Amino acid sequence: MTELVLDRDRLRSLFDLRSDVYASRGGTFETDPYPTFARLRETGPVHPGAPHEALGWTGDVFFQGLPYPERPHFSAYDYETCARVLQDDDDFVTNTPALPGEPQMPDAAILFMDGQRHRRYRKLVQPSFVPGKAVWWLENWIRATVTSLIDGLAADATVGSVGSVGRVDLNAEFCAPIPLLTITGSFGITIEEALDVRAAVTSDGQDVAILARLLIPTIAARREQPTDDLVSVLVQAEVTDDDGQLHRLTDEEVLAFAFLLLAAGSGTTWKQMGITIVSLLNHPQALAAAQADRAFLRGVVEEALRWMPTDPVFSRFVARDTTLAGVQMPAGAVIHACLAAANRDPTRWERPDAFDPFRPVKAHLGFGFGPHTCLGAHVARMEMTHGIGALLDRLPGLQLDPDRPAPRIIGLYERGPDTVPVAFGAVT
Amino acid sequence: MASGWVVEADRDVCIGSGACAFAVPDVFDVDDSGGVILVGPVVTGDERVVEAVAGCPTGALKLIKGGA
């Protein structure tokens, strides 16, 4: 197994919610938002304003559906209303509707498309992301990455051990590289270039130029000679355009897909895996069950997605004047579906504030809902169940490091642990 | 009159997310064109199927509880 060559300092700075990279997402927000969410659900479930305003955050925010200061904002906090906002394509849309006198924004990436156009473009990549394809992701990219990373942890434990105990912060050293190297690998991007890509997709300048420089040669090569990766899927894809003509995706269309998938694929699972590991290690019964049977991790991952989704909000726009849970909202308004609040709706879950992986699995909004439901959900699930399973396999006695401050889940529109400090015994 | 549960799938509404196939793989799958297919019988009273239908992101699945 080749050793992974990643600049550790750069890795830590790119994957740190407290860093400037996440300032516009409220990365340093530390208050537990759930008591406020519960109150808003009980007194709403729909309120005027955006979730960060309800939580008392006064910093600047740039996120999907934000800031749009010229538009009215509303937020929904229960399961039924959030599910409707996300699923109903007649009253709600995802591409920003133009206000009077404004030009219509282009919808280059599927995240900003609606209706049949969204369906046509999403279907190009959907077959690569279905449950049956999870093993393709595992064998092509996930397994090798996880193995290499744990080899590295094992080597470090020998060098830096205290007694026979290894100690590491899994946040940047494990949770971040797995999804990063999986999605970059699927785009033919080398490990050496992976951190450049992450920096490009997190810059608010939306640094498409860096991405284009890295990807255009690969796109050209795959057009000549397809291989077994996602770039090859995209360059061979044919889509019916709005005029009814069938065409192969242009380089610009491939790059639009690439930008979205690289950004979404390299950032979300990092934080969700950290949340899942911290939650599991804080729950001795669940940890024992997972130690005894790796299949139990499936329920652990789902419960963490319900209990603490890394993306707590998905926002859309009101397409036409409508009434939602008794609240009138005009066309063009922004409606924020608070997935995190919906996932603790007591009409759907008993003891909703408890992290309980033993509860029966029910559909949740951790991956969103509706036509824009997370494309990479099954890849993310595989990354988390395989990654955490491999930690349990190879790092006996895995526990939160008792000599380090307990991890805190921080962040406002992107949430995750500040650190994931663990200790373990002898490495196998 | 038919008895037992039947699931109807609207492939024009289905987006192929595979949420159902993940939840109940012995009943649902997604084919190469990215649409849901039924791969096994729906057992009357199977609560997993109720959840899969409710959890379909695009509302493409319908559960018909046939009368006795």
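M308(A) sits in the loop that connects α14 (297-307) and β7 (313-318) of chain A. Helices and strands here are DSSP runs, H or I of at least four residues for helices and E of at least two for strands, numbered from the N terminus. Before I go on: this is a predicted model, in which local features need pLDDT of at least 70 and side-chain atom pairs count only at pLDDT 80 or more, while totals for chains, interfaces and linings use all residues. Residues are numbered from 1 along each chain as its sequence is written, and chains are lettered from A and ligands numbered from 1 in the order in which they are written.

Is M308(A) buried or exposed? M308(A) counts as buried, because it has 24 C-beta neighbours inside 10 Å. The cut-offs are 20 or more other C-beta atoms within 10 Å for buried, 12 or fewer for exposed, and partly exposed in between, with C-beta atoms placed from the backbone. Leaving out residues up to four places away in sequence, M308(A) touches I275(A), S279(A), I409(A) and R415(A). Contact means that the C-beta atoms, placed from the backbone, lie within 7 Å. V125(A), in turn, is 183 residues from M308(A) in sequence and 28 Å from it in space, C-alpha to C-alpha.

Next, helix α2 (residues 34-43) of chain A. Its buried residues are F37(A), L40(A) and R41(A). Seen down the axis of α2(A), they fall within an arc of 100°, so they line one face of the helix. That arc is taken over the directions from the helix axis to the C-beta atoms. As background, an α-helix has 3.6 residues a turn, so residues three or four places apart point the same way. The buried residues of α2(A) pack against β1 (46-48), α3 (51-54), β10 (334-338) and α15 (339-342) of chain A. On the face turned away from the buried side, α2(A) carries the exposed residues P35(A), E42(A) and T43(A).

Now chain A as a whole. It has 16 helices and 14 strands, and 50% of its 428 residues count as buried. The C-alpha atoms fill a box of roughly 70 × 60 × 35 Å along the principal axes. Of the contacts in chain A between residues at least 6 apart in sequence, 75% join residues at least 24 apart.

Chain B has two helices and four strands, in the order β-α-β-β-α-β from the N terminus. Its C-alpha trace spans about 35 × 20 × 20 Å along the principal axes. Of its 68 residues, 38% count as buried.

Where do the chains meet? In contact are 16 residues of chain A and 17 residues of chain B. Helix α5 (residues 115-125) of chain A gives the largest share of the chain A side, three residues.

Last, the cores. A nonpolar core is a set of buried Ala, Val, Leu, Ile, Met, Phe, Trp, Tyr and Cys residues joined through C-beta atoms within 7 Å. The largest has 100 residues, of which A258(A), L262(A), C20(B) and A52(B) touch the most other members. Helix α12 (residues 251-281) of chain A gives the most to this core, with 17 residues. Apart from it lies another core, of 36 residues, including C338(A) and I410(A).

Methods: Two residues are in contact if their C-beta atoms, placed from the backbone, lie within 7 Å.
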